[in-house]
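Below is a set of questions and answers on one protein model. Look at the model, then read each answer against it.

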Amino acid sequence: MLASLSGYSTRHLQKNFGRYFLQIPPDLPLVDQSELSETFLLLDGLWLKRGFVLMAYRQSRNLTILHISVVGKEVATKIAKDLRYLTVLGYRFTGVVSDGGTGIVKAVAEVFPHKPHQICLAHLHRDVINAIGKYPKSERVKDLKRLADHVWLIESKEALRWWKKEVEEWVNSHNAFLKERKYDLDYNWWYIHKGVRRATAILQSLPDTSFKFLDYPLMPKTTNELEAQFGHLGKRWLAHRGLKTEKWEFFMRWFVYFYNQEKLSPKNTKKD
């Protein structure tokens with residue numbers, strides 16, 4: 001289509017696009033934080049081919065992507081390096097919101113040890129539902145699912161204390177159920193209700209991981225803002241996944257560069 005519109009041959013176009021895919025684009029434009037009293041960093045990873053992860057960093061309520069990097073997996077040292085790079089650029093954050101991946105948690109604790117770190121409520125709620133199912137048959141598990149769904153209604157510390165108490169009461173009431181085991185002929189054993197046990201463990205951890213936003217009204221509960229952008233990145237990745245490994249990283253960098261340019265264009269910038 002480009003060849004038809006431009007008059008150039010496909011070979012000529014491929015050659016010139018190939019030059020872009022072998023060089024780093026210009027630095028991403030800096031986001032002005034001078035008039036903001038609180039700023040929150042969103043970070044998450046998009047899994048690509050062969051176990052590679054595209055890490056993206058964005059300020060909440062601002063569509064411009066601050067930084068991206070590609071790592072073999074969510075390695076703490078690489079993510080910590082990215083976080084330090086953002087501070088070198090002059091960015092300051094009141095807190096951090098992420099999906100709670102092991103590498104991310106370790107990196108944030110290393111670089112921002114005194115900043116509140118909100119673990120995405122949507123991710124953990126999803127993990128609970130995956131563990132017990134969307135439509136559990138047992139009444140006791142249905143009650144647990146209702147408690148899990150109730151997390152979206154908690155908007156105060158008083159409500160959180162009530163919810164935490166309800167979860168503990170559920171666990172105490174069904175302690176024997178949670179500890180039910182099954183044995184084989186060699187007397188090896190395992191817990192029968194592994195999914196429910198995992199769900200209760202997640203729910204019991206939530207008050208300490210996913211309600212930091214109660215102390216910071218502007219802090220997002222989830223990384224949904226960033227995941228929406230991953231939809232764009234994922235589509236571009238799928239459309240060009242045939243690129244050689246040494247080229248697709250640069251392709252993603254160039255895409256983010258032009259994506260930021262489009263978001264910063266006058267037609268998309270609100271006037272004061």
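Q: Which strand and which helix each supply at least two residues of the lining of the second largest pocket?
A: This is a predicted model, in which local features need pLDDT of at least 70, side-chain atom pairs count only at pLDDT 80 or more, and totals for chains, interfaces and linings use all residues. Residues are numbered from 1 along each chain as its sequence is written, and side-chain values use heavy atoms, with hydrogens and water left out. Helices (H or I, at least four residues) and strands (E, at least two) are DSSP runs, numbered from the N terminus. The two elements that each supply at least two lining residues are strand E3 (65-71) and helix H11 (245-263).

Q: What is the volume of the second largest pocket?
A: On a 1 Å grid over the protein atoms alone, a pocket is an open set of points where a 1.4 Å probe fits, with protein on both sides within 12 Å along at least five of seven lines; its lining residues have an atom within 4 Å of a point. Grid points are joined across faces, edges and corners, and a volume is the space filled by probe spheres set on the points. For the second largest pocket this volume is about 310 Å³.

Q: Which of the 17 lining residues are the closest to the centre of the second largest pocket?
A: H11 gives the most to this lining, with four residues. The closest to the centre are Asp27, Leu28, His67, Tyr85 and Arg253.

Q: How many residues of the lining of the second largest pocket are nonpolar, polar and charged?
A: Ala, Val, Leu, Ile, Met, Phe, Trp, Tyr, Cys and Pro count as nonpolar, Asp, Glu, Lys and Arg as charged, and the others, Gly among them, as polar. Sorted in this way, the lining of the second largest pocket has 14 nonpolar, one polar and two charged residues.

Q: How many salt bridges are there?
A: Side chains of opposite charge can pair when their charged atoms come close. A salt bridge is counted where a side-chain nitrogen of Lys or Arg is within 4 Å of a carboxyl oxygen of Asp or Glu. By this rule the count is nine.

Q: How far apart are the closest N and O atoms of Glu110 and Arg84?
A: Glu110 forms a salt bridge with Arg84. The pair links distant parts of the chain, with Glu110 in helix H4 (residues 102-111) and Arg84 in helix H3 (residues 76-88), 26 residues apart. The closest N and O atoms are separated by 2.5 Å.

Q: Which helix holds both Arg146 and Asp143?
A: Arg146 forms a salt bridge with Asp143, and their closest N and O atoms are 2.2 Å apart. The two residues lie three residues apart, about one turn of the helix, and that helix is H6 (residues 139-149).

Q: How many residues apart in sequence are the parts that Asp215 and Lys157 tie together?
A: Asp215 forms a salt bridge with Lys157, the closest N and O atoms being 2.6 Å apart. Asp215 lies in the loop between helix H9 (194-209) and helix H10 (224-239), and Lys157 lies in helix H7 (residues 157-173), so the parts tied together are apart in sequence by 58 residues.

Q: Is His117 buried or exposed?
A: Buried means under 20% relative accessible area, exposed over 50%, and partly exposed in between (1.4 Å probe, protein chains only). His117 is in strand E5 (residues 117-119). Because its relative accessibility is 13%, His117 counts as buried.

Q: Where is Val31?
A: Val31 is buried, with a relative accessible area of 11%. The C-alpha atoms of Val31 and Gly90, 59 residues apart along the chain, are separated by 9.7 Å. The place of Val31 is the loop between H2 and strand E1 (40-47).

Q: What is the phi of Arg61?
A: Most residues other than glycine have a negative phi. Arg61 is found in the loop between strand E2 (53-59) and E3, and at 64% relative accessibility Arg61 counts as exposed. Arg61 has a positive phi, near 65°.
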